Amino acid sequence: MGTNSETGTAARTAPGGSLARLARDARARERELRREWDQARRVAMRYEAASQAEQRVVAHLLMLTGYGWRPAVDRRWPGTRTANVDLLLVGPAGVYVVDVKNWRAAPNIRNGTLYAGDRPRAGETAKLLAITAIAEEAIATLGVSPVAVVPMMVFAGHRVDAGLGRIRLLGETQAAPDLLGRPARLDPESVTAIARHLERVFPAYEDPTEPSTTPVTTTPPPSTTAVARTSPPGPLDASFDPREFAAATLRAARLGPIERWMTYLDPGQCALVRADWPGPARITGPAGTGKTVVGLHRAAYLAQHGTGRVLYATFTANLPRVQRTFLATMAPVAVDRVDFSGIHAWALAFLNGRGGPPRELDPTRAAAAFDRAWAEVGRGGRLSTLAASAGYWRDEIDHVIKGRGITTFDRYRRLPRPGRRTRLTRAGDREAVWRLYERYERLLRTEQVCDFNDVLAAALREVLRRGRQPAYASVIVDEVQDLSLVGVRLLHALVGDAANGLLLIGDGQQAVYPGGFRLAEAGVTIPEERTHVLRRNYRNAPGIVRAALAVVGADGFEDLEHGRVTGPRPLELDGGAGNADGPGEPAREVVRVHRATVAAHDAALLAALRADPRAWPDTAVLCRSRAEVGHYTDLIERAGIPVCLLAQYEGRPTAGVKIGGYVRAKGLDFKHVLLPRYDPARPGGARGGTRGGGDAARERAELARRRVFVAMVRARDTLWLGQVGAPAPRTRPATPGR
């Protein structure tokens with residue numbers, strides 16, 4: 001009985017004791033917050049020029065110092081004697097330029113203008129944006145993208161949660177919780193370095209009517225709890241080197257989540273994001289040099305600073321979805337002013353809004369029409385002796401004739417065919433191609449269907465007829481090397497040669513479709529000063545770059561402006577030689593696996609995936625064909641490993657291994673990439689050949705090697721290459737030029 005009684009007493013008192021402890025903890029936390037509030041208020045009150053309401057707002061925000069934020073209060077606007085910045089806040093969520101307002105009337109927005117009651121206050125927003133531009137320029141020297149800088153107005157005595165363009169409008173009690181709830185993009189070391197740099201750019205404010213006044217420190221005395229969370233800011237370090245900071249942050253970004261890449265650029269890339277170009281511009285360079293990253297930051301910058309919409313277009317259908325997700329994460333204010341679309345989807349939607357294309361788009365029936373045309377006028381004739389594959393001549397029609405907008409034989413007869421190896425020099429060669437094209441076109445009209453080239457051509461005619469409709473302020477074209485000439489003409493027609501209108505991003509070495517053209521044929525002129533070549537690879541481990549370049553190092557490629565490019569390309573590798581970049585960083589390597597049978601090869605693939613389930617969300621299995629995509633999807637799912645098809649991937653974190661074809665992976669990157677049944681020596685036909693089938697085979701092989709190359713450079717940290725049968729002859733390692 002005694003034991004039961006004691007047990008029962010303990011059972012009755014334990015819950016009460018727990019509640020008492022919780023109550024004591026809550027009271028202690030309340031006292032702690034009151035101390036922090038009192039300390040913040042005392043600091044805010046030292047700025048006597050501010051009203052009590054403004055001091056109260058600053059005090060709310062100064063409490064963020066306990067959560068990793070660095071404030072700088074009442075700073076001078078560079079280049080002025082009296083203009084000031086109420087508050088600069090640097091923290092995990094980025095850089096915030098804060099303007100504190102004590103308006104009696106409630107703020108409201110009408111027709112894109114800020115009002116205090118019925119009084120317009122456009123001048124206030126213009127001033128805040130001008131100060132923000134100075135902050136953007138200052139941190140660009142550190143390699144921090146302008147998307148990390150946010151202008152904010154905080155209103156004393158009002159509850160507000162709204163946006164005006166890129167400006168956040170918040171009430172005094174909403175501001176601090178809003179900042180604490182935003183995703184982190186800066187690590188503590190970066191916060192400290194950026195804050196110190198901005199303190200140099202925006203010096204402490206002194207009232208010129210009181211020259212003897214000593215500047216007051218902007219850092220509130222930290223409470224015990226604040227010290228435990230983050231050390232107080234130290235004095236400015238005169239030895240601080242922005243270049244070292246930029247290099248360190250880029251190294252950290254490569255190891256971290258994608259949000260890091262959304263914040264850090266090198267200073268040269270930042271300059272491209274913020275550039276003011278008087279006409280069309282181009283960004284090119286080898287794989288992994290950050291072209292797409294710059295393009296996305298440029299889209300955000302133009303959307304935030306301009307007045308019109310931005311179109312971000314590319315060739316592949318899934319890439320725009322991923323890019324929109326990335327932009328929504330890094331610059332949520334800008335994403336609704338940017339349209340992401342594959343070029344064919346955009347053209348079809350545009351035509352549907354104006355009555356639709358001239359005939360029904362039906363790729364399956366269009367393919368059947370070509371097969372019938374080939375059977376009637378191609379197979380067994382002259383074209384079969386030049387290149388036996390019907391697909392070769394379908395490419396000639398798609399990419400050379402229709403893709404370049406050729407509608408008469410006279411133009412085709414004299415047309416250069418860059419990128420096409422099979423020479424059409426004998427009498428009757430081009431006539432035979434033209435007969436096949438004309439038969440195909442007649443069959444399309446008879447069937448009342450059209451192909452994708454017809455959709456682009458119809459959209460171009462409609463835009464030219466209506467005169468740049470719909471109107472975009474800017475068009476950014478990613479992977480431009482994969483577009484047709486008609487596609488480039490269409491996108492150029494949307495903006496013409498307007499300032500900051502057209503930006504073309506791409507690299508001919510990564511072209512995955514046959515044929516080629518010159519920008520001059522599309523009516524696009526880009527002078528040398530607006531052509532920017534990126535040369536430093538930030539994405540791939542050095543061993544991965546060398547392995548990929550060994551596949552295509554002996555092949556030339558077509559450049560949109562300079563014709564055939566051959567020989568080594570200037571390229572700087574980030575991270576030095578070897579498979580590891582430094583102590584504490586993950587191993588980076590190329591793993592080559594040879595197995596005698598497909599079954600043994602596939603078992604090795606599954607073993608590689610099972611070795612680290614934590615890596616699955618950052619892993620992609622890339623395949624040569626749709627059939628292989630289906631095979632490895634079934635294989636991996638049967639093994640109990642989750643799968644996400646690249647065709648359905650939207651750029652959001654997923655638990656599964658990504659699976660798709662080489663082309664589908666363009667524009668993406670993953671920490672780990674596996675290429676099953678990899679065979680660079682025989683990817684699409686034999687090397688060599690002087691005429692006829694040999695030339696066509698050589699062209700197919702070069703194209704296939706470029707696709708392998710594109711797949712290999714999707715890998716950041718590790719690249720797994722699986723081969724079946726005897727190991728293929730190793731290609732000579734390529735040494736990047738410098």
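**A charged pair and its helix**

Author: Lys-101 is buried, with a relative accessible area of 10%. The model is a predicted one, and what follows describes that prediction. Lys-101 forms a salt bridge with Glu-124, and the closest N and O atoms of the two are 2.4 Å apart. Glu-124 belongs to helix 3 and Lys-101 to strand 3 (residues 94-101), so the bridge ties together parts that are 23 residues apart in sequence. In general, side chains of opposite charge can pair when their charged atoms come close.

The partners differ in their cover. Glu-124 has a relative accessible area of 23% and is partly exposed, because the limit for buried is under 20%. Glu-124 also forms a salt bridge with Arg-121, where the closest N and O atoms are 4.0 Å apart. Arg-121 is buried, at a relative accessible area of 17%.

Now the helix itself. Helix 3 covers residues 122-140, and its 19 residues should span 27 Å at 1.5 Å a residue; the C-alpha atoms at its ends are 27 Å apart, which agrees. Its buried residues are Thr-125, Leu-128, Ile-131, Thr-132, Ala-135, Glu-136, Ala-138, Ile-139 and Ala-140. As background, an α-helix has 3.6 residues a turn, so residues three or four places apart point the same way.

Buried residues in helix 11 include Leu-319, Val-322, Phe-326 and Leu-327.

Apart from neighbours within four places in sequence, Val-338 is in contact with Ala-299, Ala-303, Arg-309, Val-310, Tyr-312 and Leu-327. In soluble globular proteins, nonpolar side chains tend to be buried together.

Back to charges: the structure holds 49 salt bridges. One of them joins Arg-182 to Asp-178, with the closest N and O atoms 3.0 Å apart. Here Arg-182 is partly exposed at 28% relative accessibility, while Asp-178 is buried at 17%. Elsewhere, Arg-421, Arg-518, Glu-558, Arg-564, Arg-698 and Glu-702 are linked in a network of salt bridges.

A polar link can also involve a loop. Asn-500 lies in the loop between helix 19 (485-495) and strand 16 (502-505). Its side chain makes a polar contact of 3.0 Å with the side chain of Asp-276. Among the other residues in contact with Asn-500 are Trp-277, Arg-298 and Ser-474.

Finally, the whole chain. It has 23 helices and 27 strands. Of its 738 residues, 52% are buried. Among contacts with a separation of 6 or more, 76% are between residues 24 or more positions apart. The accessible surface comes to about 31,800 Å², and carbon and sulfur atoms hold 52% of that area.

Terms used: Residues numbered from 1 in each chain as written. Predicted model: local features only at pLDDT ≥ 70, side-chain atom pairs only at ≥ 80, totals over all residues. Heavy atoms only, no water. Contact = heavy atoms within 4.5 Å. Helix = DSSP H or I, 4+ residues; strand = E, 2+ residues; numbered from the N terminus. Buried < 20%, exposed > 50% of the residue type's maximum accessible area, 1.4 Å probe, protein only. Areas by Shrake-Rupley, 256 points an atom, 1.4 Å probe, with all protein chains shown as cover. Polar contact = N/O pair within 3.5 Å; in protein donor to acceptor, adjacent residues only side chain to side chain. Expected span 1.5 Å × (residues − 1). Salt bridge = Lys/Arg side-chain N within 4 Å of Asp/Glu carboxyl O.
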